[in-house]
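Here is a quick walk through one model, written for someone who would rather look than calculate.

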Amino acid sequence: MVSENIQENIKLPIIDLSLEKSQIIKLIVKASEEFGFFKVFNHGVDTNVIKKMEDESYKFFSKPFSQKQCAGPANPYGYGCKNIGFNGDNGEVEYLLLHANPNLCISQISKNISSDPLMFSCAVNGYVESVRELACKILELMAQGLSVQQTSVYSNLLMDLHSDSLLRINHYPPFNWTPHLLHHDCDTSPNSCNSTVSKIGFGEHTDPQILTILRSNDAPGLQISPQKGLWVPVSPHPNTAFSIFVGDTLQALTNGRFKSVRHRAMVNSCKTRMSMVYFGAPSPHARICCPLELVTTTPHKPYHLYRPFTWAEYKKATYSMRLGDTRLDQFFRL
Ligand code: GA4
């Protein structure tokens, strides 16, 4: 068994997107190769758009459990509580899982989520459009940094009319919580607060998609694992930063140069954590195969590391496995 090592003093990359372009590109490539993770600020996403989405989310999670259940189950979209996926994974979390394709309508599900469905779907659409734009900007900078000729090769996958992108709002109440007693603002009294004891809110995993953009409130809990057994806490965001994660599909699309990063969320008994997570994904029929330039330029890998696959194929494999399983290895070219 590997013992756990929580490493507080590893500095995770935080990138100012208002710097000079060539400088940003270098920093993004370095961070994606070393960690598969970085934070960005000065990213251009309007704070009002973020706030609207946050307010709508808090409003939903503060409802009585029985009302929230009307928006469930999260199959494929809706409210879920403690169960993650379909293979027995659990966590101290409740969540909303929504599709994040601006071309599809979310007004139907909004009726079960909010008493003002129009306001809720406006908040979601506004947020999704803004973070998708940010994801595309980052993916284009990545392609440039990798000297891929067609710089929109990755961002085009998210812009596809049938993109399978998702928005997940995770709500982690302090862990003395039982769902039917919950109101989001009923944080435990200071006497019962113990921030040194923590439980798993969302267990360790990599994200299957291309790129993940996460925004959280000021409660700690997110940790990334650059090496097996080593966990680095990500400090809660200064008001406007986003966390960016390389997903499995981007690892395949870069011939293994960028690493999809293992991460998890912990909860303590003090403070409610909420995160809003955009998972940028291709359309089901998209063929995942890295650009040829990368095959010839990847040091020591002058061949395709992975066999081509479709997103539908990868998603099927993902959903048949447990949360913490390593999935991409099945797609190595033999
Ligand atoms: C992890 C990333 C996203 O939250 C998610 C998760 C999905 C789910 O909750 O239904 C999965 C998980 C995630 C990967 C393995 C499978 C599928 C739960 C699970 C056990 C929405 C996704 O796309 O993959």
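Pro-73 is found in the loop between helix H3 (65-69) and strand E4 (78-84); helices here are DSSP runs (H or I, at least four residues), strands are too (E, at least two), and both are numbered from the N terminus. Pro-76 has its place in that loop between H3 and E4 too. Before going on, keep in mind that this is a predicted model, where local features need pLDDT of at least 70, side-chain atom pairs count only at pLDDT 80 or more, and totals for chains, interfaces and linings use all residues. Residues are numbered from 1 along each chain as its sequence is written, and side-chain values use heavy atoms, with hydrogens and water left out.

Back to the prolines: the peptide bond from Gly-72 to Pro-73 is cis, with omega near -10 degrees, and the one from Asn-75 to Pro-76 is cis as well, with omega near 0 degrees. Asn-42 isn't a glycine, yet has a positive phi of about 55 degrees. For background, most residues other than glycine have a negative phi, and most peptide bonds are trans.

Now for the helices. Two packed helices are described by the angle between their axes and the distance between the axes. Axes are lines fitted to C-alpha atoms, for helices over the stretch in contact, and angles run from 0 to 180 degrees between N-to-C directions.

| Helix pair | Angle | Axis distance |
|---|---|---|
| H2 (residues 47-61) and H5 (residues 117-145) | roughly 135 degrees | within 9 Å |
| H1 (residues 21-34) and H5 | about 85 degrees | 9 Å |

H2 and H5 are therefore oblique to each other, while H1 and H5 are roughly perpendicular (under 35 degrees counts as roughly parallel, over 145 as roughly antiparallel, 65 to 115 as roughly perpendicular and the rest as oblique).

Who touches whom (contact means heavy atoms within 4.5 Å)? From H1, Ile-24, Ile-28 and Val-29 are among those meeting H5, whose side includes Ile-138, Leu-141 and Met-142. The H1 with H5 contact divides into seven nonpolar, three polar and one charged residue. Ala, Val, Leu, Ile, Met, Phe, Trp, Tyr, Cys and Pro count as nonpolar, Asp, Glu, Lys and Arg as charged, and the others, Gly among them, as polar.

In the H2 with H5 contact, H2 contributes residues including Met-53, Glu-56 and Lys-59, and H5 residues including Phe-120 and Tyr-127. Lys-59 also forms a salt bridge with Glu-56, the closest N and O atoms being 2.9 Å apart (a side-chain nitrogen of Lys or Arg within 4 Å of a carboxyl oxygen of Asp or Glu). Being three residues apart in helix H2, the two are separated by about one helical turn. By this rule, the count comes to 13 salt bridges.

Finally, confidence: the model scores ipTM 0.99 and pTM 0.94.

How values were computed. Contact = heavy atoms within 4.5 Å.
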